[in-house]
Amino acid sequence: MDMKDIERINELYRKSKSTGLTPEEKEEQSRLRGEYIQAMKRNLSSQLDTIKIKNPDGSIIDVKKRHENNMAKAGKKPLA
């Protein structure tokens, strides 16, 4: 997802509020929004995977590993 796609999403939004969209434009808008959401989820997931927490005792906890361990203990599948 690049700035060109984001600008197109915004352009389609403005047009939908002013004159309305053709069926093709509605489909494009839906596709672009879906791609944007997926890109944001990947970005957020990547950021969360790198978070580490330092405890008062000086130990460091990897949040991703902690989550995976908690999910395994609960018998649930961890998120991808």
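**Helix pair α1/α2**

Helix α1 covers residues 3–18 and helix α2 residues 23–49; they pack at an angle of about 135°, and their axes are 10 Å apart. For the axes I used lines fitted to C-alpha atoms, over the stretch in contact for helices, with angles running from 0 to 180 degrees between N-to-C directions. That angle makes α1 oblique to α2. I noted the crossing of α1 and α2 as left-handed, meaning the near helix is turned anticlockwise from the far one by less than a right angle (clockwise would be right-handed).

For housekeeping, I number residues from 1 along each chain as its sequence is written, and side-chain values use heavy atoms, with hydrogens and water left out. Since I'm on a predicted model, local features need pLDDT of at least 70 and side-chain atom pairs count only at pLDDT 80 or more, while totals for chains, interfaces and linings use all residues.

**Who meets whom**

I listed the contacts next, with contact meaning heavy atoms within 4.5 Å. From α1 come D5, I6, R8, I9, L12, Y13, K15 and S16; from α2 come E25, E28, Q29, L32, R33 and Y36. By class I get 6 nonpolar, 2 polar and 6 charged residues. Nonpolar takes in Ala, Val, Leu, Ile, Met, Phe, Trp, Tyr, Cys and Pro, charged is Asp, Glu, Lys and Arg, and polar is the others, Gly among them.

**Residues I clicked on**

L32 sits in helix α2. L32 counts as buried at 3% relative accessibility; the cut-offs are under 20% relative accessible area for buried, over 50% for exposed and partly exposed in between (1.4 Å probe, protein chains only). Skipping neighbours within four places in sequence, I find L32 in contact with M1, D5, R8, I9 and L12.

Leaving out residues up to four places away in sequence, I9 touches M1, L32, R33 and Y36. From I9 to Y36 I read 9.1 Å, C-alpha to C-alpha, for 27 residues of sequence separation.

Q29 is in helix α2 and is buried at 10% relative accessibility. With residues up to four places away not counted, Q29 touches L12, Y13, S16 and L21.

L48, in helix α2, is partly exposed with a relative accessible area of 43%. L48 and G20 are 28 residues apart in sequence, and I get 38 Å between their C-alpha atoms.

**Whole chain**

I count 3 helices and 2 strands, in the order α-α-β-β-α along the sequence. The radius of gyration is 20 Å, well over the 12 Å that the globule rule gives for 80 residues, so the protein is more spread out than a compact globule. That radius is taken over C-alpha atoms, and the rule is 2.2 Å times the number of residues to the power 0.38. The C-alpha atoms fill a box of roughly 60 × 30 × 20 Å along the principal axes. Of the 80 residues, 11% count as buried.

Notes. Helices (H or I, at least four residues) and strands (E, at least two) are DSSP runs, numbered from the N terminus. Angles under 35 degrees count as roughly parallel, over 145 as roughly antiparallel, 65 to 115 as roughly perpendicular and the rest as oblique.
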